[in-house]
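Have a look at the structure first, then read on.

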Amino acid sequence: MPKTAQSMISSKLAQKLGEQIGHELGAHQQYLAIGTYFAQQSLDKWAGLFYRQAAEEKEHALKIVKFLVETGEALEFPAIAAASTRFKSPASAVAQALKWERTVTEQFQAMAKVALAEGDFVGFQFLQWFLEEQVEEVSSMEKYLALVESGINLFQAEELLEIEN
Ligand SMILES: [Fe+2]
Ligand SMILES: [Fe+2]
């Protein structure tokens, strides 16, 4: 990967972070799709929850972009996979989101391993924020899934969402 300036992080980690921008933007689009699925059923607070989550994923992508610019890395944006707004059920939509969050957690853990193996402490430090964030995101998605799977009427469940947000 060509450098724009003297790089401060390992090129292996820089490459993985570049790919992660695509994963975060992919998650952004997937959450837009889930939010839309709920909006189409007039479940506006469930929709809002996933639209907010979508906005956070875009922020995650931007955080990585800024870091790569600051550390002098060249970067290209990867292609983003298509996202469908059709799901079998609300539970399967939320279960899908939980699966993505777990996958993203694994991606950051893999990057942390790369950073340590490369003796890249600047990169390792940067990853800490994301690792903490993932603990929070997996945990809250588990709660939403438990709520949906409890069989509660989802319109009634919207009142519980207000407490959580
Ligand atoms: Fe994210
Ligand atoms: Fe996330």
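## A glutamine pair

Gln107 sits in helix 3, which covers residues 90-117. Setting aside neighbours within four places in sequence, Gln107 is in contact (heavy atoms within 4.5 Å) with Gln20 and His23.

A word on the ground rules: this is a predicted model, where local features need pLDDT of at least 70, side-chain atom pairs count only at pLDDT 80 or more, and totals for chains, interfaces and linings use all residues. Residues are numbered from 1 along each chain as its sequence is written, chains are lettered from A and ligands numbered from 1 in the order in which they are written, and side-chain values use heavy atoms, with hydrogens and water left out.

## Overall layout

The protein has five helices and zero strands, so the elements read α-α-α-α-α from the N terminus on (helices, H or I with at least four residues, and strands, E with at least two, are DSSP runs numbered from the N terminus). Along its principal axes, the C-alpha trace spans about 55 × 25 × 25 Å.

## The iron site

Which residues hold the iron ion (ligand 1)? Its protein donors are Glu24 (OE), Glu57 (OE) and His60 (ND1), lying 2.0 to 2.1 Å from it. Donors are N, O and S atoms within 2.8 Å of the metal (3.2 Å for Na, K and Ca); water is not among the atoms, so sites may look incomplete. In sequence, the donor residues of this ion follow the spacing E-x32-E-x2-H.

## Helix 2 against helix 3

Glu57 turns up again in the packing: Phe50, Gln53, Glu57 and Ile64 in helix 2 meet Val94, Ala97, Glu101 and Phe108 in helix 3. Those contact residues divide into five nonpolar, one polar and two charged. For the classes, Ala, Val, Leu, Ile, Met, Phe, Trp, Tyr, Cys and Pro count as nonpolar, Asp, Glu, Lys and Arg as charged, and the others, Gly among them, as polar.

The axes of helix 2 (residues 44-70) and helix 3 come within 13 Å and cross at roughly 15°. Helix 2 is therefore roughly parallel to helix 3. Axes are lines fitted to C-alpha atoms, for helices over the stretch in contact, and angles run from 0 to 180 degrees between N-to-C directions; under 35 degrees counts as roughly parallel, over 145 as roughly antiparallel, 65 to 115 as roughly perpendicular and the rest as oblique.

## Helix 4 and its partners

Helix 1 and helix 4 (residues 121-149) pack at about 25°, with axes 13 Å apart, which means that helix 1 is roughly parallel to helix 4. Here Leu13, Leu17 and Tyr31 in helix 1 meet Gly123, Phe126, Leu127 and Met141 in helix 4. That contact comes out as six nonpolar, one polar and no charged residues.

What about helix 3 and helix 4? They pack at an angle of about 160°, their axes 9 Å apart, so helix 3 runs roughly antiparallel to helix 4. The residues of this contact divide into 21 nonpolar, four polar and five charged.
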